[in-house]
Amino acid sequence: MADTPHEVLLSARKITKRFGGLAAVNGVSVDLWRGRIHAVIGPNGAGKSTLTNLLSGDLPPSDGAIHLGSTDVTGWASERISRQGLGRSYQKTNIFLPFSVHENVRLAAQSRDAQQPWNPLRWWRDTRRAGAHNRASSERVDRAIELAGLEARRDAIAGTMSHGEQRQLEIAMTLATEPQVLLLDEPLAGMGVAEAERMVQLLLRIKPGHAMMLVEHDMDAVFALADHLTVMVNGEAIASGTPPEVRADAKVQSAYLGE
Ligand code: ADP
Ligand code: MG
């Protein structure tokens, strides 16, 4: 891949996911560019989370193709796609609450090369038994904590932190695996105004160097962050373009923004 500032890092072509008779995602195409944020909006049930799950390999597509860089990753399992450079956050949290920020991020970093989804207790035991500290991993951990704005909370126990800080921690854990492509499913969900603003600043900080897809309901955040916007309704992308283009689209106004 040429190292141009805005190369396409992920490209999905006409992907479809059928659950029985329902096409939860129906022929949707998405390009994610390095250094750009592609927001996906749409009403509940539109297929946004299913689209995220298809791109991450958590669900196999019924049809269509997905490329990461020049590699065809269609049908690959999520762990393999993750090792290829894709990171995602989950609406359901992966945080191990009794552990500190630093410990959670370190465990996430160490899981990068594991075959299984990370198991905190196993890694904790193995790390202690080995008694060794992996310097490369430790630098990655420090960088992820700093990018996520959690340096001052490094030793805080995750379970004692606010909802907003826990979402920051999730981002730090995702960054610790050094993904090039980031998929974030509603990172502002449940946040107050101040927390949401902190998350917007965090996402702007990590935007350079990453290709990001952001599923989000908070329209202020979407219009502050998105370079490109796709509107999904009933599994289909009814509009895609720059935010002003999409905002001016009559289909979008009647189907979504105007409701
Ligand atoms: P969104 O994230 O936009 O709210 P989802 O992707 O979660 O939408 O869901 C899209 C549609 O697919 C919904 O009708 C939902 O009920 C359905 N759906 C999602 N996951 C499954 C599943 N595992 N099995 C069957 N139907 C599903
Ligand atoms: Mg969803």
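Trainee: In what sense do strand β4 and β5 pair, and over how many bridges?
Mentor: Keep in mind that this is a predicted model. β4 covers residues 63-68, and H67 stands opposite D72 in β5. The pairing of β4 and β5 is antiparallel, over two bridges.

Trainee: Which strands stand at the edges of that open sheet of four strands?
Mentor: Start with the order, which is β2-β1-β4-β5 with antiparallel pairing. An edge strand has a single partner strand, so one side of it is left without a neighbour in the sheet. That picks out β2 and β5 (71-72).

Trainee: What about the open sheet of six strands, which of its strands stand at the edges?
Mentor: Here the order is β6-β7-β8-β3-β9-β10, and the pairing is mixed. Ignoring direction, neighbouring strands are turned by 15 degrees against each other on average. Each edge strand has a single partner, so one side lacks a neighbour in the sheet, and the two in question are β6 (86-88) and β10.

Trainee: Do β3 and β8 run parallel or antiparallel?
Mentor: Strand β3 spans residues 37-41 and strand β8 residues 211-215, with four bridges joining them. One pair to look at is A39, whose bridge partner in β8 is L214. As for direction, β3 and β8 run parallel.

Trainee: And at the β10 end, which residue in the turn of the hairpin has a positive phi?
Mentor: β9 (residues 228-233) and β10 (residues 236-241) run antiparallel and are joined by five bridges. T230, for instance, has S240 as its bridge partner in β10. Two residues lie between the strands of this hairpin, and the one with a positive phi, about 50 degrees, is N234.

Trainee: Which element gives the largest share of the shell around ligand 1?
Mentor: The residues around ligand 1 are F19, L22, A24, G42, N44, G45, A46, G47, K48, S49 and T50. Two elements give two or more residues to this shell, β2 (22-33) and α1 (48-56). By type, the shell divides into four nonpolar, six polar and one charged. The largest share, three residues, comes from α1.

Trainee: Moving to the domains, which element gives the most to the side of domain 1 that touches domain 2?
Mentor: The division is into domain 1 (1-85 + 179-259) and domain 2 (95-178), with 13 residues of domain 1 in contact with 13 of domain 2. On the domain 1 side, α2 (78-83) and α7 (193-206) each supply at least two residues. That side divides into seven nonpolar, two polar and four charged residues. The element giving the most, with six residues, is α7.

Trainee: Zooming out, what share of the residues in the protein is buried?
Mentor: The secondary structure comes to ten helices and ten strands. Of the contacts with a separation of 6 or more, 68% are between residues 24 or more positions apart. Out of 259 residues, the buried share is 41%.

Definitions and conventions
Residues are numbered from 1 along each chain as its sequence is written. Chains are lettered from A and ligands numbered from 1 in the order in which they are written. This is a predicted model: local features need pLDDT of at least 70, side-chain atom pairs count only at pLDDT 80 or more; totals for chains, interfaces and linings use all residues. Two strands pair if DSSP finds at least two bridges between them. A residue is near a molecule or strand if its C-beta atom, placed from the backbone, lies within 6 Å of it. Ala, Val, Leu, Ile, Met, Phe, Trp, Tyr, Cys and Pro count as nonpolar, Asp, Glu, Lys and Arg as charged, and the others, Gly among them, as polar. A residue is buried if 20 or more other C-beta atoms lie within 10 Å of its own, exposed if 12 or fewer, and partly exposed in between; C-beta atoms are placed from the backbone. Two residues are in contact if their C-beta atoms, placed from the backbone, lie within 7 Å. Domain bounds come from an automatic or database domain assignment. Axes are lines fitted to C-alpha atoms, for helices over the stretch in contact, and angles run from 0 to 180 degrees between N-to-C directions.
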